[in-house]
Amino acid sequence: MAEMEEPDPKAIDWRLKDRSRKDFSERANLAFLIKSFGIGVLALLVPILLPLIGGYDGHFSISYFYHVPEARNWFVGLLWAVGVFLILFQGLSRAENILLTLAGVFLILVSLVPTTTDQCNESLFSWHAGFAVAFFVCLFIVAIFFSKSRLNYILWPPLRARFARAYNVTGCLMIALPAIAYAVHLVDGRDCGHEIYWIEFAAILAFSAFWFVKTWEYKRLLGLSLRDIARQAFT
């Protein structure tokens, strides 16, 4: 009777490999969702944390917190964090990736080229403002022209329409609000009120909302429930 061959210890267990591949895919999807959601959270922290740390009175805009010693590191650090995440984030096309990378670079430059201490009498154009506008222009293009390319995979028409509307609204706000801030500065910004701060707050809120919508869309496209996300996150 022929002797049975012993299993080769170097042989690949394909069932184990398939399970590992599935587990890796699930965790990669989760990491993608967390990164998308995290961009929105980090951005939202900017206008909320800075006044708590550096005070509210006397600050003409969010950018002025660069000149507040208690808040400077937070201002620069949060902008760098969002900028780096945008550079590392992978969209679904080369053009979208280029725009997100440019947006991240422009946001980092916003923190590296600060506004003047006397914002009330600042010139109507500065490199700081130019980089900020370029940042929002990149996100406007992504929201309006690229983010809706995946919506055909959402089969329920009312939900598909809501996502498209959300991208249109957040995209338009990200271009309209910086323009309104410039107009306010042009007309009566030298009064040194808090109007610019709140307009910038609204622009950042639109940016955060865009990423929250994107996270929710990805969750639907990947077919993940909140229970699935919690299970993968804590196991």
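**An aromatic cluster and the helices around it**

Phe32, Phe89, Phe135, Phe136, Tyr167, Phe207, Phe210, Trp211 and Tyr218 make up one aromatic cluster, where rings of Phe, Tyr and Trp (its six-membered ring) pair if their centres lie within 6.5 Å. This is a predicted model, with local features needing pLDDT of at least 70 and side-chain atom pairs counted only at pLDDT 80 or more, while totals for chains, interfaces and linings use all residues. Residues are numbered from 1 along each chain as its sequence is written, and side-chain values use heavy atoms, leaving out hydrogens and water.

By the pairing rule, the count comes to 16 aromatic pairs. Take Phe89 and Trp211: the ring centres are 4.9 Å apart and the planes sit at 80 degrees, so this pair is edge-to-face (planes over 60 degrees apart; under 30 is stacked and the rest tilted). Phe89 lies in the loop between α2 and α3, and Trp211 in helix α6, 122 residues apart. Phe89 is buried at 0% relative accessibility (buried means under 20% relative accessible area, exposed over 50%, partly exposed in between, with a 1.4 Å probe and protein chains only). Trp211 is buried too, also at 0%. The charged end of Lys214 sits over the Trp211 ring, 5.6 Å from its centre (NZ of Lys or CZ of Arg within 6 Å of the ring centre and within 35 degrees of the ring normal).

Trp211 also turns up where helix α4 meets α6: Phe135, Phe136, Leu139, Val142 and Ala143 of α4 touch Ala203, Phe207, Phe210 and Trp211 of α6 (contact means heavy atoms within 4.5 Å; helices are DSSP runs of H or I, at least four residues, numbered from the N terminus).

Conventions:
Helix = DSSP H or I, 4+ residues; strand = E, 2+ residues; numbered from the N terminus.
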